[in-house]
Structure formats: C-alpha cells, structure tokens
Amino acid sequence: MKEEGMERHNSLLKSLEKSLDVLDIFVECNTGMNLKDIAARTNLNTSTAFRIVNTLERRQYLTRDDVSKQYRLGPRALALGYSSHWTENVMTLVKPYLRRLQQMFNETASVYIAEGDSRICLDHVESTHSLRRVIPIGESLPLYKGAAGKVLLAWAPKEERNRMIVQYGHLSEEEFASIRHNGYAITQDESEHGLFALSVPIFNFEEQVIASLTIAGPTMRFYDSIRQKMLFTMSQYAYEISYSLGYRKK
C-alpha cells in the first residue's frame with residue numbers, strides 16, 4: 001500500500017511538472033501557439049498535451065482563440081501576478097481592434113490604463129488625417145480629464161472616486177453613475193479645445209475595468225451619425241476583448 005501511495009504521489013508530481021512545462025513556454029515567449037506547437041516544445045505526445053491544455057483552458061489558465069485555434073495565457077494566469085505579461089496580453093488582444101477602428105473611421109484609436117491619478121496610453125493606431133489626435137505611447141495624462149480617464153474612474157472603487165471628487169471639484173458621482181449606466185463616456189473640449197473623445201470600458205474576469213478603449217479627434221468630424229456608429233462598434237469590440245480576458249456579462 002505504501003509503494004502504491006508513493007507511485008501515485010510521483011505520478012501526480014510528474015503531471016504537475018508537465019502542466020508547469022506547458023505554462024512555462026507561454027511565460028518565456030508569450031505568443032499564441034496551437035496544440036501541435038505546444039506538444040513539440042514540451043516534448044509531450046499530442047494526447048498528453050491535449051489533456052493538459054484542456055484542463056488549463058477549463059481552469060482559465062489558458063485561453064483559446066476559436067478562429068486561429070491558438071492558445072494564450074488566460075485570465076487566471078494573469079491574476080497570479082504576471083504583470084508584464086498581463087499588459088502584453090492586453091496589447092496583443094486590443095491591437096487588431098485598434099487597427100479596425102482606425103480603418104473604419106480614420107480617427108485615432110487608443111487604449112488607456114490607470115496608474116495612480118494618471119491614465120497611460122498603452123497603445124494606439126493614429127488617424128491618417130493631417131489634423132488628428134496624437135498621444136505618444138506611454139504618455140501620462142490626468143485621470144480626471146477626458147473620456148478615457150472618466151471611464152476608468154467611473155468603475156474605480158467608491159473610495160477612489162470620492163477622493164478624486166473631493167480633490168477635483170468638477171467631478172461628481174452623478175456623472176460617474178451616468179457613465180456606468182450608459183456604458184460609455186463622451187467628452188468635448190475637455191482635454192483640449194476642439195477635441196472630441198468617446199471611450200468604453202474593458203473588463204477582466206473579476207468584472208473590474210482594467211482599460212478604456214477610446215477614439216478621439218477633431219470635434220468637427222464627429223457628427224451624430226458617426227458617433228452612433230462608433231459607439232456601437234466600440235461597445236461590441238470592448239465586449240469581445242473583455243470576453244477574451246474571462247469577463248462574462250451577467
């Protein structure tokens with residue numbers, strides 16, 4: 001009985017090591033891989049690799065793209081604290097949507113994250129118009145100004161919102177409640193004169209807003225019918241990104 005217990009213990013350890021080997025290859029390169037790539041890089045046969053990957057996907061440590069059939073680190077792995085890989089995964093997920101938004105509307109599309117009292121431009125695709133919104137990647141802007149910042153604040157913890165409301169008199173809980181109710185924020189002439197911005201939230205698997213998807217440009221090009229099309233498209237894209245991060249709307 002003791003030998004059987006030891007054998008079972010060793011078998012479990014080997015299974016755990018194989019699972020960690022699979023996760024390690026994503027930590028090392030952080031690119032999408034299909035099942036064949038995973039099996040080859042871990043020296044596992046395909047059936048063993050499938051069982052491990054299937055379990056990791058079910059537990060949300062990996063996520064699979066239905067179109068490309070490739071696997072990436074999932075929301076549970078990101079939640080363990082792989083902060084650099086977290087931002088890279090978000091950027092990888094968001095980039096195609098930024099390109100699509102720019103191609104559809106030819107305005108600058110960007111994604112922001114909160115950092116203290118600031119919002120940071122994580123990535124963008126610029127408009128080709130000579131008159132356009134230009135924000136360098138990594139640029140730090142006030143969190144309390146602009147649609148992107150207000151979306152990040154609207155879903156921030158209540159104590160954080162209250163602190164910002166006290167610190168900056170033009171903010172209000174009524175405005176934040178309206179943003180949460182509508183699911184988006186619009187600002188005009190707030191960050192800069194003549195600038196219009198529309199922003200929607202991106203959620204993670206814990207239903208927290210971790211980024212804001214934004215389109216911005218000169219107000220004169222954002223007439224009503226275009227705004228409605230933008231809002232519909234951006235809301236759809238933000239939900240698809242959020243879904244890939246493990247968010248499930250209740």
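**Strand 3 and its sheet**

Modeller: Let's start with strand 3 (residues 108-115), which is mostly covered, with 6 of its 8 residues buried. Keep in mind that this is a predicted model.

Biologist: Which residue in strand 4 stands opposite S110?
Modeller: Strand 3 pairs with strand 4 (residues 118-125) in the antiparallel sense, over 7 bridges. Within that pairing, the residue opposite S110 is H124.

Biologist: And what is the phi of G116 in the turn?
Modeller: Strands 3 and 4 make a hairpin, with 2 residues between them. G116 sits in that turn, and its phi is positive, at about 65°.

Biologist: Which strands are at the edges?
Modeller: The open sheet has 6 strands in the order 5-4-3-8-7-6, with antiparallel pairing. An edge strand pairs on one side only, and that picks out strand 5 (140-142) and strand 6 (185-188).

Biologist: What is the bridge partner of I120 in strand 5?
Modeller: Strand 4 and strand 5 run antiparallel and are joined by 3 bridges. I120's partner there is S140.

Biologist: At what angle does helix 9 run to strand 7?
Modeller: Helix 6 (residues 146-154) lies across strands 3, 4, 6, 7 and 8, and runs at about 160° to strand 8. Helix 9 (residues 224-244) lies across strands 6, 7 and 8, and its angle to strand 7 is about 25°.

Definitions and conventions:
Residues are numbered from 1 along each chain as its sequence is written. This is a predicted model: local features need pLDDT of at least 70, side-chain atom pairs count only at pLDDT 80 or more; totals for chains, interfaces and linings use all residues. Side-chain values use heavy atoms; hydrogens and water are left out. Buried means under 20% relative accessible area, exposed over 50%, partly exposed in between (1.4 Å probe, protein chains only). Helices (H or I, at least four residues) and strands (E, at least two) are DSSP runs, numbered from the N terminus. Two strands pair if DSSP finds at least two bridges between them. Contact means heavy atoms within 4.5 Å. Axes are lines fitted to C-alpha atoms, for helices over the stretch in contact, and angles run from 0 to 180 degrees between N-to-C directions.
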